[in-house]
Amino acid sequence: MSADFKPKSDFLRVLQERGYIHQITDAEALDAALRSGVVTAYVGYDCTADSLHIGHLISIMMLRWLQKTGHKPIALMGGGTTKVGDPTDKDQQRPLLTDAVINANLASIRGTFEKFLRFGHGPAEAVMVNNADWLERLGYVEFLREYGVHFSINRMLTFDSVKLRLEREQPLSFLEFNYMLMQATDFLELHRRLGCTLQMGGSDQWGNIVNGVELVRRMDQAQAFGLTTPLLTTASGEKMGKTVGGAVWLNADRLSPYDYWQMWRNTEDADVGRFLKLFTELPLDEIGRLAALAGSEINEAKKVLANEATAMLHGWAAADAAGAAAKAAFEEGRLSDDLPTVEIARARFEEGLPLAAVAADAGLASSRSDARRLAQGGGLRVNDKPEPDGQRLLTLADLNADGVVKLAAGRKKIVLVKAV
(Lines give C-alpha, C1' and ligand atoms only; values in the text may rest on other atoms or scores of the structure.)
Protein backbone atom coordinates (compact mmCIF):
# COMPACT_ATOMS: atom_id res chain seq x y z
CA MET A 1 0.00 0.00 0.00
CA SER A 2 1.37 3.40 -0.99
CA ALA A 3 2.24 5.76 1.86
CA ASP A 4 0.18 8.52 0.22
CA PHE A 5 -2.91 6.30 -0.24
CA LYS A 6 -6.03 8.32 0.60
CA PRO A 7 -9.05 5.99 0.82
CA LYS A 8 -12.43 7.25 -0.29
CA SER A 9 -14.52 4.42 1.14
CA ASP A 10 -15.80 4.85 4.70
CA PHE A 11 -14.39 1.51 5.85
CA LEU A 12 -10.79 2.01 4.75
CA ARG A 13 -10.88 5.66 5.81
CA VAL A 14 -11.88 4.64 9.35
CA LEU A 15 -9.28 1.89 9.45
CA GLN A 16 -6.53 4.19 8.23
CA GLU A 17 -7.45 7.03 10.61
CA ARG A 18 -7.53 4.69 13.58
CA GLY A 19 -4.33 2.79 12.81
CA TYR A 20 -5.66 -0.64 11.83
CA ILE A 21 -3.93 -1.05 8.46
CA HIS A 22 -0.56 -2.69 7.93
CA GLN A 23 -0.82 -4.19 4.42
CA ILE A 24 -3.43 -4.44 1.65
CA THR A 25 -3.00 -6.59 -1.45
CA ASP A 26 -4.51 -3.96 -3.80
CA ALA A 27 -5.60 -0.91 -1.85
CA GLU A 28 -7.02 1.11 -4.76
CA ALA A 29 -9.10 -1.77 -6.13
CA LEU A 30 -10.42 -2.69 -2.67
CA ASP A 31 -11.32 0.94 -2.03
CA ALA A 32 -13.26 1.03 -5.29
CA ALA A 33 -15.08 -2.21 -4.45
CA LEU A 34 -16.07 -0.87 -1.04
CA ARG A 35 -17.54 2.24 -2.70
CA SER A 36 -19.47 0.33 -5.35
CA GLY A 37 -21.49 -2.00 -3.12
CA VAL A 38 -21.59 -4.30 -0.11
CA VAL A 39 -18.31 -6.16 0.43
CA THR A 40 -18.30 -9.40 2.39
CA ALA A 41 -15.18 -9.99 4.51
CA TYR A 42 -14.04 -12.57 7.00
CA VAL A 43 -11.61 -13.25 9.81
CA GLY A 44 -10.84 -16.78 10.94
CA TYR A 45 -10.60 -17.91 14.57
CA ASP A 46 -9.37 -21.34 15.62
CA CYS A 47 -11.03 -22.99 18.61
CA THR A 48 -7.93 -23.81 20.66
CA ALA A 49 -9.41 -22.53 23.94
CA ASP A 50 -12.87 -21.96 25.40
CA SER A 51 -12.40 -18.18 25.14
CA LEU A 52 -10.86 -15.73 22.73
CA HIS A 53 -8.25 -13.37 24.18
CA ILE A 54 -7.34 -9.75 23.73
CA GLY A 55 -5.06 -10.58 20.82
CA HIS A 56 -8.24 -11.33 18.84
CA LEU A 57 -9.90 -8.05 19.75
CA ILE A 58 -8.34 -5.89 17.03
CA SER A 59 -9.72 -8.14 14.27
CA ILE A 60 -13.13 -8.28 15.98
CA MET A 61 -13.15 -4.49 16.01
CA MET A 62 -12.35 -4.47 12.28
CA LEU A 63 -15.36 -6.70 11.65
CA ARG A 64 -17.42 -4.31 13.76
CA TRP A 65 -16.30 -1.27 11.76
CA LEU A 66 -16.92 -3.21 8.54
CA GLN A 67 -20.54 -3.69 9.55
CA LYS A 68 -20.93 -0.13 10.83
CA THR A 69 -19.87 1.16 7.41
CA GLY A 70 -22.45 -0.96 5.58
CA HIS A 71 -20.64 -4.21 4.75
CA LYS A 72 -21.08 -7.86 5.71
CA PRO A 73 -18.81 -9.56 8.28
CA ILE A 74 -18.18 -13.29 8.55
CA ALA A 75 -16.79 -14.81 11.74
CA LEU A 76 -15.21 -18.03 10.51
CA MET A 77 -14.79 -20.62 13.24
CA GLY A 78 -11.96 -23.05 12.66
CA GLY A 79 -13.61 -26.29 13.62
CA GLY A 80 -11.58 -27.98 10.90
CA THR A 81 -8.28 -26.04 10.95
CA THR A 82 -8.05 -26.35 14.75
CA LYS A 83 -7.47 -30.06 14.20
CA VAL A 84 -4.25 -29.21 12.32
CA GLY A 85 -2.89 -26.14 14.08
CA ASP A 86 -1.45 -22.92 12.64
CA PRO A 87 2.37 -23.05 12.81
CA THR A 88 2.61 -19.24 12.76
CA ASP A 89 4.66 -17.87 15.68
CA LYS A 90 5.02 -21.33 17.22
CA ASP A 91 8.17 -23.35 17.96
CA GLN A 92 6.33 -26.63 18.30
CA GLN A 93 3.12 -28.24 17.21
CA ARG A 94 0.03 -27.41 19.23
CA PRO A 95 -1.58 -30.25 21.16
CA LEU A 96 -4.19 -32.00 19.03
CA LEU A 97 -7.68 -31.52 20.46
CA THR A 98 -10.57 -33.96 20.26
CA ASP A 99 -13.78 -33.17 18.38
CA ALA A 100 -15.64 -32.84 21.68
CA VAL A 101 -13.18 -30.26 23.05
CA ILE A 102 -13.16 -28.27 19.80
CA ASN A 103 -16.96 -28.17 19.66
CA ALA A 104 -17.20 -27.14 23.31
CA ASN A 105 -14.66 -24.35 22.74
CA LEU A 106 -16.57 -23.15 19.68
CA ALA A 107 -19.83 -23.02 21.62
CA SER A 108 -18.15 -21.14 24.47
CA ILE A 109 -16.67 -18.36 22.35
CA ARG A 110 -19.70 -17.89 20.10
CA GLY A 111 -21.24 -15.38 22.49
CA THR A 112 -18.28 -13.01 22.28
CA PHE A 113 -19.12 -12.07 18.70
CA GLU A 114 -22.70 -11.28 19.62
CA LYS A 115 -21.38 -8.48 21.83
CA PHE A 116 -19.72 -6.78 18.85
CA LEU A 117 -21.67 -7.76 15.74
CA ARG A 118 -25.30 -7.77 14.62
CA PHE A 119 -26.24 -11.20 13.28
CA GLY A 120 -29.06 -11.90 10.86
CA HIS A 121 -29.97 -12.61 7.24
CA GLY A 122 -29.77 -9.13 5.71
CA PRO A 123 -27.13 -7.99 3.21
CA ALA A 124 -24.96 -6.39 5.92
CA GLU A 125 -25.85 -8.75 8.77
CA ALA A 126 -23.05 -10.82 10.27
CA VAL A 127 -22.92 -14.60 9.89
CA MET A 128 -20.87 -17.26 11.65
CA VAL A 129 -19.69 -20.34 9.79
CA ASN A 130 -17.53 -23.35 10.63
CA ASN A 131 -14.84 -24.51 8.21
CA ALA A 132 -15.32 -28.09 9.39
CA ASP A 133 -18.44 -28.04 7.19
CA TRP A 134 -16.30 -28.30 4.05
CA LEU A 135 -12.82 -29.32 5.17
CA GLU A 136 -14.00 -32.53 6.79
CA ARG A 137 -15.79 -33.60 3.62
CA LEU A 138 -12.70 -33.36 1.43
CA GLY A 139 -11.03 -36.63 0.52
CA TYR A 140 -7.24 -36.56 0.62
CA VAL A 141 -6.67 -37.34 -3.06
CA GLU A 142 -9.45 -34.94 -4.04
CA PHE A 143 -7.85 -32.21 -1.92
CA LEU A 144 -4.42 -32.71 -3.49
CA ARG A 145 -5.73 -32.82 -7.07
CA GLU A 146 -8.21 -29.95 -6.65
CA TYR A 147 -6.14 -27.51 -4.61
CA GLY A 148 -2.59 -28.80 -4.17
CA VAL A 149 -1.62 -28.13 -7.77
CA HIS A 150 -2.06 -24.39 -7.21
CA PHE A 151 0.60 -24.10 -4.48
CA SER A 152 4.36 -23.80 -4.95
CA ILE A 153 6.47 -25.47 -2.27
CA ASN A 154 9.29 -23.09 -3.16
CA ARG A 155 7.11 -20.12 -2.30
CA MET A 156 5.57 -21.70 0.78
CA LEU A 157 9.06 -22.16 2.22
CA THR A 158 9.58 -18.38 2.05
CA PHE A 159 6.60 -17.54 4.28
CA ASP A 160 7.53 -16.48 7.80
CA SER A 161 5.36 -19.13 9.45
CA VAL A 162 7.52 -21.80 7.80
CA LYS A 163 10.86 -20.02 7.37
CA LEU A 164 11.21 -18.92 10.99
CA ARG A 165 10.42 -22.39 12.32
CA LEU A 166 13.07 -23.90 10.04
CA GLU A 167 15.63 -21.20 10.88
CA ARG A 168 15.18 -21.99 14.57
CA GLU A 169 15.70 -25.65 13.69
CA GLN A 170 12.35 -26.55 15.19
CA PRO A 171 10.41 -29.43 13.62
CA LEU A 172 7.53 -28.57 11.32
CA SER A 173 5.17 -31.48 10.78
CA PHE A 174 3.60 -32.20 7.40
CA LEU A 175 0.26 -31.78 9.17
CA GLU A 176 1.07 -28.16 10.08
CA PHE A 177 2.56 -27.50 6.63
CA ASN A 178 -0.90 -28.15 5.21
CA TYR A 179 -2.48 -25.41 7.33
CA MET A 180 -1.90 -22.66 4.78
CA LEU A 181 -3.54 -24.75 2.07
CA MET A 182 -6.56 -25.27 4.30
CA GLN A 183 -6.81 -21.55 5.08
CA ALA A 184 -6.65 -20.70 1.39
CA THR A 185 -9.39 -23.25 0.76
CA ASP A 186 -11.51 -21.45 3.38
CA PHE A 187 -11.29 -18.22 1.39
CA LEU A 188 -12.27 -20.00 -1.82
CA GLU A 189 -15.24 -21.73 -0.14
CA LEU A 190 -16.46 -18.47 1.43
CA HIS A 191 -16.13 -16.76 -1.94
CA ARG A 192 -18.28 -19.44 -3.56
CA ARG A 193 -20.82 -19.78 -0.76
CA LEU A 194 -21.20 -16.18 0.44
CA GLY A 195 -19.52 -13.99 -2.16
CA CYS A 196 -16.69 -13.15 0.24
CA THR A 197 -13.91 -11.10 -1.40
CA LEU A 198 -11.83 -9.89 1.57
CA GLN A 199 -9.88 -11.72 4.26
CA MET A 200 -8.51 -9.78 7.21
CA GLY A 201 -6.10 -10.78 9.97
CA GLY A 202 -2.92 -9.97 11.82
CA SER A 203 0.34 -9.22 10.03
CA ASP A 204 1.61 -12.71 10.87
CA GLN A 205 -1.14 -14.10 8.61
CA TRP A 206 -0.04 -12.21 5.48
CA GLY A 207 1.40 -15.26 3.71
CA ASN A 208 -1.67 -17.38 4.42
CA ILE A 209 -3.98 -14.59 3.27
CA VAL A 210 -2.07 -14.02 0.03
CA ASN A 211 -2.35 -17.74 -0.71
CA GLY A 212 -6.13 -17.46 -0.41
CA VAL A 213 -6.28 -14.38 -2.63
CA GLU A 214 -4.31 -16.21 -5.31
CA LEU A 215 -6.38 -19.40 -5.03
CA VAL A 216 -9.60 -17.43 -5.62
CA ARG A 217 -8.00 -15.79 -8.64
CA ARG A 218 -6.70 -19.04 -10.11
CA MET A 219 -9.73 -21.24 -9.53
CA ASP A 220 -12.62 -18.76 -9.85
CA GLN A 221 -10.92 -16.10 -12.02
CA ALA A 222 -12.13 -13.50 -9.52
CA GLN A 223 -10.46 -10.67 -7.70
CA ALA A 224 -10.12 -11.02 -3.94
CA PHE A 225 -8.27 -8.97 -1.36
CA GLY A 226 -6.24 -9.30 1.82
CA LEU A 227 -5.79 -6.78 4.63
CA THR A 228 -3.63 -7.13 7.73
CA THR A 229 -3.18 -5.17 10.94
CA PRO A 230 0.16 -4.28 12.52
CA LEU A 231 1.63 -6.44 15.27
CA LEU A 232 0.24 -4.90 18.44
CA THR A 233 2.85 -4.06 21.05
CA THR A 234 2.95 -1.57 23.90
CA ALA A 235 5.09 1.56 23.89
CA SER A 236 7.70 -0.35 25.90
CA GLY A 237 7.89 -3.04 23.18
CA GLU A 238 6.00 -5.78 25.01
CA LYS A 239 3.24 -7.85 23.46
CA MET A 240 -0.01 -6.11 24.27
CA GLY A 241 -2.35 -7.73 26.77
CA LYS A 242 -0.05 -10.04 28.71
CA THR A 243 -0.44 -9.95 32.50
CA VAL A 244 1.08 -11.71 35.47
CA GLY A 245 -1.82 -14.15 35.37
CA GLY A 246 -1.35 -14.93 31.66
CA ALA A 247 -3.56 -14.12 28.68
CA VAL A 248 -6.27 -11.48 28.92
CA TRP A 249 -9.35 -13.56 28.14
CA LEU A 250 -12.59 -12.13 26.77
CA ASN A 251 -14.96 -14.54 28.54
CA ALA A 252 -16.05 -13.26 31.95
CA ASP A 253 -15.68 -16.71 33.49
CA ARG A 254 -12.01 -16.68 32.47
CA LEU A 255 -11.24 -13.07 33.45
CA SER A 256 -13.54 -10.96 35.57
CA PRO A 257 -14.85 -7.64 34.21
CA TYR A 258 -12.97 -5.96 37.06
CA ASP A 259 -9.62 -7.45 36.00
CA TYR A 260 -10.40 -6.62 32.37
CA TRP A 261 -11.14 -3.02 33.38
CA GLN A 262 -7.91 -2.87 35.38
CA MET A 263 -5.87 -4.09 32.42
CA TRP A 264 -7.04 -1.11 30.36
CA ARG A 265 -6.69 1.27 33.33
CA ASN A 266 -3.02 0.25 33.62
CA THR A 267 -2.23 1.18 30.01
CA GLU A 268 1.10 2.95 29.54
CA ASP A 269 0.74 6.72 29.11
CA ALA A 270 2.17 6.64 25.58
CA ASP A 271 -0.39 4.03 24.44
CA VAL A 272 -3.58 5.74 25.60
CA GLY A 273 -4.35 7.59 22.36
CA ARG A 274 -3.55 4.59 20.15
CA PHE A 275 -5.65 2.19 22.20
CA LEU A 276 -8.58 4.61 22.32
CA LYS A 277 -8.53 4.64 18.51
CA LEU A 278 -8.31 0.88 18.17
CA PHE A 279 -10.53 -0.38 20.98
CA THR A 280 -13.25 2.26 21.40
CA GLU A 281 -15.62 4.11 19.09
CA LEU A 282 -15.07 7.54 20.60
CA PRO A 283 -14.79 10.35 18.01
CA LEU A 284 -11.24 11.14 16.95
CA ASP A 285 -11.39 14.72 18.21
CA GLU A 286 -12.36 13.48 21.69
CA ILE A 287 -9.57 10.90 21.54
CA GLY A 288 -7.14 13.66 20.60
CA ARG A 289 -8.23 15.70 23.61
CA LEU A 290 -7.85 12.77 25.99
CA ALA A 291 -4.48 11.69 24.58
CA ALA A 292 -3.14 15.23 25.02
CA LEU A 293 -3.75 15.23 28.78
CA ALA A 294 -0.50 15.46 30.71
CA GLY A 295 0.76 14.51 34.17
CA SER A 296 -1.77 12.94 36.50
CA GLU A 297 -4.63 14.02 34.24
CA ILE A 298 -3.77 11.20 31.81
CA ASN A 299 -5.26 8.85 34.41
CA GLU A 300 -8.69 10.24 33.55
CA ALA A 301 -8.10 9.26 29.93
CA LYS A 302 -7.13 5.76 31.07
CA LYS A 303 -10.37 5.48 33.00
CA VAL A 304 -12.32 6.49 29.89
CA LEU A 305 -10.46 3.80 27.92
CA ALA A 306 -11.18 1.22 30.62
CA ASN A 307 -14.86 2.16 30.79
CA GLU A 308 -15.43 2.20 27.03
CA ALA A 309 -13.55 -1.05 26.32
CA THR A 310 -15.14 -2.91 29.23
CA ALA A 311 -18.64 -1.68 28.37
CA MET A 312 -18.27 -2.89 24.78
CA LEU A 313 -17.45 -6.42 25.95
CA HIS A 314 -19.30 -6.78 29.25
CA GLY A 315 -21.88 -3.97 29.24
CA TRP A 316 -22.06 -0.62 31.01
CA ALA A 317 -23.28 -2.10 34.30
CA ALA A 318 -20.11 -4.19 34.58
CA ALA A 319 -17.91 -1.28 33.52
CA ASP A 320 -19.49 1.05 36.08
CA ALA A 321 -19.18 -1.58 38.81
CA ALA A 322 -15.51 -2.18 38.00
CA GLY A 323 -14.76 1.54 38.01
CA ALA A 324 -16.57 2.01 41.32
CA ALA A 325 -14.74 -0.95 42.87
CA ALA A 326 -11.39 0.43 41.74
CA LYS A 327 -12.20 3.87 43.11
CA ALA A 328 -13.30 2.41 46.44
CA ALA A 329 -10.18 0.26 46.75
CA PHE A 330 -7.51 2.59 45.42
CA GLU A 331 -8.81 6.09 46.14
CA GLU A 332 -10.97 5.58 49.22
CA GLY A 333 -9.42 2.51 50.83
CA ARG A 334 -12.75 0.67 50.99
CA LEU A 335 -13.51 -2.92 50.02
CA SER A 336 -16.06 -3.81 47.38
CA ASP A 337 -17.88 -6.98 46.45
CA ASP A 338 -16.79 -6.39 42.85
CA LEU A 339 -13.11 -6.84 43.68
CA PRO A 340 -11.56 -10.18 42.63
CA THR A 341 -12.03 -12.68 45.46
CA VAL A 342 -10.26 -15.94 46.22
CA GLU A 343 -11.82 -18.35 48.71
CA ILE A 344 -9.65 -20.46 51.02
CA ALA A 345 -10.78 -22.88 53.72
CA ARG A 346 -10.82 -21.25 57.16
CA ALA A 347 -8.96 -24.21 58.61
CA ARG A 348 -5.93 -23.30 56.52
CA PHE A 349 -5.82 -19.86 58.14
CA GLU A 350 -5.79 -21.61 61.50
CA GLU A 351 -2.67 -23.47 60.36
CA GLY A 352 -1.11 -20.39 58.75
CA LEU A 353 -0.62 -19.73 55.03
CA PRO A 354 2.66 -18.42 53.53
CA LEU A 355 1.95 -14.98 52.09
CA ALA A 356 4.04 -15.61 48.95
CA ALA A 357 2.06 -18.76 48.16
CA VAL A 358 -1.29 -17.02 48.54
CA ALA A 359 -0.15 -14.01 46.49
CA ALA A 360 1.05 -16.26 43.66
CA ASP A 361 -2.10 -18.41 43.69
CA ALA A 362 -4.25 -15.28 43.65
CA GLY A 363 -2.47 -13.94 40.54
CA LEU A 364 -0.64 -11.07 42.23
CA ALA A 365 2.71 -12.57 41.20
CA SER A 366 3.84 -15.07 38.59
CA SER A 367 5.40 -17.41 41.18
CA ARG A 368 6.16 -17.72 44.88
CA SER A 369 9.72 -16.51 44.35
CA ASP A 370 8.37 -13.53 42.39
CA ALA A 371 6.00 -12.79 45.28
CA ARG A 372 8.90 -12.90 47.77
CA ARG A 373 10.90 -10.47 45.62
CA LEU A 374 7.85 -8.22 45.37
CA ALA A 375 7.52 -8.23 49.16
CA GLN A 376 11.21 -7.48 49.70
CA GLY A 377 10.92 -4.49 47.39
CA GLY A 378 7.97 -3.09 49.33
CA GLY A 379 5.42 -3.90 46.65
CA LEU A 380 3.26 -6.41 48.53
CA ARG A 381 0.70 -5.16 51.04
CA VAL A 382 -1.52 -6.93 53.57
CA ASN A 383 -4.57 -4.93 54.62
CA ASP A 384 -2.95 -1.79 53.16
CA LYS A 385 0.30 -2.21 55.12
CA PRO A 386 3.57 -3.08 53.31
CA GLU A 387 4.78 -6.57 54.16
CA PRO A 388 8.49 -7.15 53.39
CA ASP A 389 8.50 -10.81 54.44
CA GLY A 390 6.96 -13.04 51.81
CA GLN A 391 7.36 -16.03 54.10
CA ARG A 392 5.23 -14.59 56.85
CA LEU A 393 2.07 -16.56 57.60
CA LEU A 394 -1.44 -15.29 57.06
CA THR A 395 -3.58 -16.32 60.03
CA LEU A 396 -7.04 -15.73 61.46
CA ALA A 397 -5.71 -12.53 62.99
CA ASP A 398 -5.36 -11.01 59.50
CA LEU A 399 -9.05 -11.46 58.69
CA ASN A 400 -11.51 -8.62 59.14
CA ALA A 401 -14.98 -9.02 60.62
CA ASP A 402 -16.23 -10.44 57.30
CA GLY A 403 -13.48 -13.06 57.20
CA VAL A 404 -11.52 -11.25 54.49
CA VAL A 405 -7.87 -10.20 54.13
CA LYS A 406 -6.95 -7.62 51.48
CA LEU A 407 -3.79 -8.28 49.46
CA ALA A 408 -2.32 -5.78 47.02
CA ALA A 409 0.60 -5.81 44.60
CA GLY A 410 1.85 -2.30 43.96
CA ARG A 411 -0.89 0.23 43.36
CA LYS A 412 -2.63 -1.54 40.52
CA LYS A 413 -3.69 -5.01 41.68
CA ILE A 414 -5.93 -5.97 44.58
CA VAL A 415 -7.35 -9.33 45.57
CA LEU A 416 -9.58 -10.21 48.48
CA VAL A 417 -8.85 -13.54 50.16
CA LYS A 418 -11.89 -14.85 51.98
CA ALA A 419 -11.98 -17.58 54.61
CA VAL A 420 -14.87 -19.99 54.02
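Two strands count as paired here if DSSP finds at least two bridges between them. That idea runs through the close-ups below, all taken from a predicted model.

**View 1. A five-stranded open sheet with mixed pairing.** Reading across this sheet, the strands come in the order E7-E13-E12-E9-E10. Strand E7 (341-344) and strand E10 (385-386) are the edge strands, and each has a single partner, so one side of each has no neighbour in the sheet.

**View 2. The E9 and E10 end of that sheet, seen in detail.** Strand E9 covers residues 380-382 and pairs with E10 in the antiparallel sense. Two bridges hold this pairing in the description. For a landmark, look for valine 382, which has lysine 385 of E10 opposite it.

**View 3. Strand E5 between its two parallel partners, E2 and E6.** What joins E5 to strand E2 (residues 40-46)? Three bridges do, and the two strands run parallel. Alanine 41 faces leucine 198 of E5 across this pairing. With strand E6 (residues 225-229), E5 forms another parallel pairing, over five bridges. Here methionine 200 has leucine 227 in E6 as its bridge partner. How much of E5 is buried? Six of the seven residues in this strand (196-202) are buried, leaving E5 mostly covered.

**View 4. A right-handed β-α-β unit built from E5, H11 and E6.** The helix in this unit is H11, spanning residues 206-220. Follow the chain from E5 through H11 into E6 to trace the unit; E5 and E6 are also paired directly, in the parallel sense.

View 5. A disulfide is a covalent bond between the sulfur atoms of two cysteines. Searching the whole structure turns up zero disulfides.

**View 6. Phenylalanine 279 in the largest nonpolar core.** This core has 70 residues, and Trp264 and Phe279 have the most contacts inside it. Helix H3 (residues 57-68) supplies the largest share of the core, eight residues. Which residues does phenylalanine 279 touch, leaving aside its neighbours within four places in sequence? Its contacts are Tyr20, Leu57, Ile58, Met61, Leu232, Met240, Trp264, Ala309 and Met312.

Terms used:
Residues are numbered from 1 along each chain as its sequence is written. This is a predicted model: local features need pLDDT of at least 70, side-chain atom pairs count only at pLDDT 80 or more; totals for chains, interfaces and linings use all residues. Side-chain values use heavy atoms; hydrogens and water are left out. Helices (H or I, at least four residues) and strands (E, at least two) are DSSP runs, numbered from the N terminus. A disulfide is a pair of cysteine sulfur atoms within 2.5 Å. Buried means under 20% relative accessible area, exposed over 50%, partly exposed in between (1.4 Å probe, protein chains only). A crossover is right-handed if, with the strands pointing away from the viewer, the path from the first strand over the helix to the second runs clockwise. A nonpolar core is a set of buried Ala, Val, Leu, Ile, Met, Phe, Trp, Tyr and Cys residues joined through side-chain atoms within 4.5 Å. Contact means heavy atoms within 4.5 Å.
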